[in-house]
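Please keep the sequence and the 3D view side by side while reading.

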Amino acid sequence: MHDPIDRRAAEQTPADDDPRRLTAALGYVFTPVVPLLTLANAARDDHFSRRHAIQALLWAVPFVLLLFATVLALVLLVRDDFLFICLMPLLIVVPFLPGAFWARRVYLGGDVTIPIISSIAASRV
């Protein structure tokens, strides 16, 4: 007979071929669209999907601020010297790097802990 704690832990960490991992990973990259769709449809009873969707949705606020700061920095740099336009492809990727890192971690079976956001998401689940 299985212990309820073991069953709950098994529900939180899906198998390797479980599509919930892919959905959770895509939520960090394509925030806030995928997390909103996940919360609206699939995450009602699924603790794993709900936790990652809320966490990715909360990540959308710093992501948008970081994207805005990056675009502002690019505009100011290009105004000073037009050659800074060569840095645009490198700098515009910067806001997407944390989400891509967390998406990879979730997809490979790890756990994502974002310093302030994870504690807020844990209280909302």
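Two residues are in contact when heavy atoms of theirs lie within 4.5 Å. Among contacts in the protein chain between residues at least 6 apart in sequence, those that join residues at least 24 apart make up 67%. The model is a predicted one.

**Overall make-up**

The protein chain has seven helices and zero strands. Its pattern along the sequence reads α-α-α-α-α-α-α. The chain holds 125 residues, and 29% of them count as buried.

**The cavity**

How many cavities of 30 Å³ or more are there? The count comes to one. The volume of this largest cavity is about 50 Å³. Its lining consists of Arg20, Thr23, Ala24, Gly27, Val34, Thr38, Ser49, His52 and Ala53. Elements giving two or more residues to that lining are α2 (19-29), α3 (33-40) and α4 (47-80). Helix α2 gives the most, with four residues. By class, the lining of the largest cavity has three nonpolar, five polar and one charged residues. Arg counts as charged, so Arg20 belongs to the charged class.

**Packing of α3 on α4**

Two packed helices are described by the angle between their axes and the distance between the axes. Here the axes of α3 and α4 come within 8 Å and cross at roughly 145°. The crossing in which α3 passes α4 is left-handed. On the α3 side, the contact is made by Pro35, Leu36, Thr38 and Leu39. On the α4 side, Ser49, Arg50, Ala53, Ile54, Ala56 and Leu57 take part. By class, this contact has seven nonpolar, two polar and one charged residues. Thr38, Ser49 and Ala53 take part in the contact, and the lining of the largest cavity includes Thr38, Ser49 and Ala53 too.

Which peptide bond is cis, with omega near 5°? The bond in question runs from Thr31 to Pro32. Pro32 sits in the loop between α2 and α3.

Leu22 lies in helix α2. Arg104 is placed in helix α6 (residues 97-107). Leu108 belongs to the loop between α6 and α7 (117-124). The pairs are tabulated here.

| Pair | Apart in sequence | C-alpha to C-alpha |
|---|---|---|
| Arg104 and Leu26 | 78 residues | 9.3 Å |
| Leu22 and Arg104 | 82 residues | 9.5 Å |
| Leu108 and Leu22 | 86 residues | 9.5 Å |

Is Arg104 buried or exposed? Arg104 counts as exposed because its relative accessibility is 58%, and the exposed class starts over 50%. Leu108 has 56% relative accessibility, so Leu108 counts as exposed by that cut-off as well. Leu22 has a relative accessible area of 42% and is therefore partly exposed. That class lies between under 20% for buried and over 50% for exposed.

**In brief**

The predicted model has seven helices and one cavity of 30 Å³ or more. Helices α2, α3 and α4 each give two or more residues to the lining of the largest cavity. Helix α3 meets α4 in a left-handed crossing.

Methods:
Residues are numbered from 1 along each chain as its sequence is written. This is a predicted model: local features need pLDDT of at least 70, side-chain atom pairs count only at pLDDT 80 or more; totals for chains, interfaces and linings use all residues. Side-chain values use heavy atoms; hydrogens and water are left out. On a 1 Å grid over the protein atoms alone, a cavity is a set of points where a 1.4 Å probe fits but cannot get out, and a pocket is an open set with protein on both sides within 12 Å along at least five of seven lines; lining residues have an atom within 4 Å of a point. Grid points are joined across faces, edges and corners, and a volume is the space filled by probe spheres set on the points. Axes are lines fitted to C-alpha atoms, for helices over the stretch in contact, and angles run from 0 to 180 degrees between N-to-C directions. A crossing is left-handed if the near helix is turned anticlockwise from the far one by less than a right angle, and right-handed if clockwise. Buried means under 20% relative accessible area, exposed over 50%, partly exposed in between (1.4 Å probe, protein chains only).
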